Amino acid sequence: MSVGEDNVSSVKRQLTQLFEISLRETVPGEPDVVPLVDSCSEKSGVKHGDYQCNNAMVLWAKIKGKQTGFRGPPAVGQRVSLGATIRLLPRNLEPTSSNPEKETASPLAEAIMKNLPPSEIIESCSVAGPGFVNVVLSKNWIAQSLHRMLIDGIDTWAPRLPLKRAVVDFSSPNIAKEMHVGHLRSTIIGDTLARMLEFSHVEVLRRNHVGDWGTQFGMLIEFLFEKFPNPEEVNEAAIGDLQAFYKASKLRFDSDSEFKLRAQQAVVRLQGGEIRYRNAWKQICEISRTEFHRVYERLGVQLEEKGESFYNPYIPSVLEQLGNKGLIEESEGARVIFVDGVKIPLIVVKSDGGYNYASTDLTALWYRLNEEKAEWIIYVTDVGQQQHFDMVFKAAKRAGWLLADDSLYPKATHVGFGLVLGEDGKRFRTRNTEVVRLVDLLDEAKSRSKTAVLERDAAKDWPEEEVDKTSEAVGYGAVKYADLKNNRLSNYTFNFDQMLNDKGNTAVYLLYAHARICSIIRKSGKDIEQVKKNGKIVLDHDGERALGLHLVQFSEVVEQACTNLLPSTLCEYLYDLSDIFTKKFYSNCQVIGSPEETSRLLLCEATATVMRKCFYLLGIEPVYKI
Ligand code: ARG
């Protein structure tokens, strides 16, 4: 698929287009050069510009030996046809210089710079170092972009990705087994990825690939029949804790060979579609589902369940297709697919003739590509499943379902994440129970944040409902942000005290920062909608300019976070935004009562708007008062 509509809201994209034109003009002999444009980091210290084009160095190394040279710009006032080559450079800097020590790509960079078409985005350009072209953006243009966004809405800043539809397979707990912190991570990360893609104009099928099919159901169903001979009696209250039910049935399964036999037959009867077995299976699934939903509801996460069982009827024909392509071999009684670079094969039919996790995943992938017509299929699980997905994707490539080149659509990506650790550095567990129940965890997050909210003077006369809402926003937001801010591949340590700290890189700090900005606007007594209509943004102070620049970079950051499937990129942007607002802008630029009040209120509003969109994309509810 070709690259879609251009994302005109992204500064980086617009500059890339300008450099593309310049490069075509400067080095017509190198039509494949892709412009390398990036924003200059504040953190790197010396900053010659806001953006930088880094093509000259590599290009110079490539062309310097060639006779072709490059084209300088037309001299001022002189009309030159596009094909003309003009040498403006002193002889000793020409591309054929024989002293490599002294060579730099600066002359080429100068030419690239001078060939840039005129643009309202750019204030000035310069060449630095061995050949970087630095760009300083026009502050008027930044101001206008901000103002336009305030009037037309932040959705006009949504990036455009080159695809229409994606599947995000996330959360995906297993029926009757515990939904553990690993599933919580998958739920949080998957929801954010889905939100970012949806914002970027991609239709997202949010799939809950629950483990609702497998041999464990024989055991569960037989145990259910034993405990409740009358199916009418089966309900959540009677069964109680499904995990305890699972454990008890497993105990029975392991200790009684007669029961075990019945359980194995029950699987066959269930899979054969016998009604009594199907109904018992449905009852068990329903109870689990209710429990999962409690967690999703609290976290504000939408998911559509298409569990393993959904794909079951499609497995035989998909395997037949793979068999016809010669992919399936016999190995030790099982049917398997070998893939490059992995010694063990992917088992697609077990030696007892049954299907497994891999047969289901291959079929689900086929279904998503062919029936659902998804172009990007994203799987969010712990890194432990990396090899499984690697093998499934490689098998799909052998089958010709996916392209060998992962930069092209349709494609499949495994989004792995690390473990959740307790403070002892081991897997996260509670003191008394083995696994942490997610509902308890969220309860604790809420009650701890409630205590903190109530300690604030301002909250003293809030109605109970408001205290509750704020505590939930802050508590659940803290849990989500603590997870999302890390590079997902690393393990992260779950620590309530840290995540609920109102200083440092936490959701609490960010939510309060947002609320403070809202209160500045409220305190001004101005109707911000009127200010938007009649006011004008001016970025004369360095602090104002730095804030404005960071704000207009929102679109490209979301695009980058989507492309790399890294929510931490967005967290970092949000934290920097809050930091720049406070340290560069607010501490140096008086807002209320200053001559620049109108413009500065608009900057406050733009900051709050972008922060709220970041919160939304991270699945965090904003707070307006503290
Ligand atoms: N149920 C699996 C687990 O708990 C996760 C499923 C992930 N999705 C998939 N298509 N395999 O580990």
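## Helix 23 and its end

Just after helix 23, G619 adopts a positive phi of about 75 degrees; helices (H or I, at least four residues) and strands (E, at least two) are DSSP runs, numbered from the N terminus. The model is predicted: local features require pLDDT of at least 70 and side-chain atom pairs pLDDT 80 or more, whereas totals for chains, interfaces and linings use all residues. Residue numbers start from 1 along each chain as its sequence is written.

Helix 23 comprises 21 residues and reaches 30 Å from its first C-alpha to its last, close to the expected 30 Å (1.5 Å times one less than its number of residues). Of its 21 residues, 17 are buried, and the helix is thus mostly covered. A residue counts as buried with 20 or more other C-beta atoms within 10 Å of its own, as exposed with 12 or fewer, and as partly exposed in between, the C-beta atoms being placed from the backbone.

## Nonpolar cores

The largest nonpolar core contains 145 residues, and L193, I378, A478 and L570 have the most contacts inside it. Helix 23 (residues 597–617) gives the most to this core, with 11 residues. Apart from it lies another core of 20 residues, including A176, F217, W281 and I287. Such a core is a set of buried Ala, Val, Leu, Ile, Met, Phe, Trp, Tyr and Cys residues joined through C-beta atoms within 7 Å.

Beyond its neighbours within four places in sequence, I378 is in contact (C-beta atoms, placed from the backbone, within 7 Å) with A166, V167, V168, D169, L193, T413, V415 and L565.

## Surroundings of the ligand

The ligand is surrounded by D169, S172, P173, N174, H209, G211, D361, A364, Y379 and T381, a residue being near when its C-beta atom, placed from the backbone, lies within 6 Å. Helix 13 (357–370) and strand 11 (376–382) each supply at least two residues of this shell.

The shell divides into 3 nonpolar, 5 polar and 2 charged residues. Here Ala, Val, Leu, Ile, Met, Phe, Trp, Tyr, Cys and Pro count as nonpolar, Asp, Glu, Lys and Arg as charged, and the others, Gly among them, as polar.

## The loop at L489

L489 is found in the loop between helix 16 (464–484) and strand 14 (492–493). L489 is partly exposed because 13 other C-beta atoms lie within 10 Å. Not counting residues up to four places away in sequence, L489 touches V383, G416, F417 and G418. The C-alpha atoms of L489 and L566 are separated by 9.7 Å, although these residues are 77 residues apart along the chain.

Technical notes: Contact = placed C-beta atoms within 7 Å.
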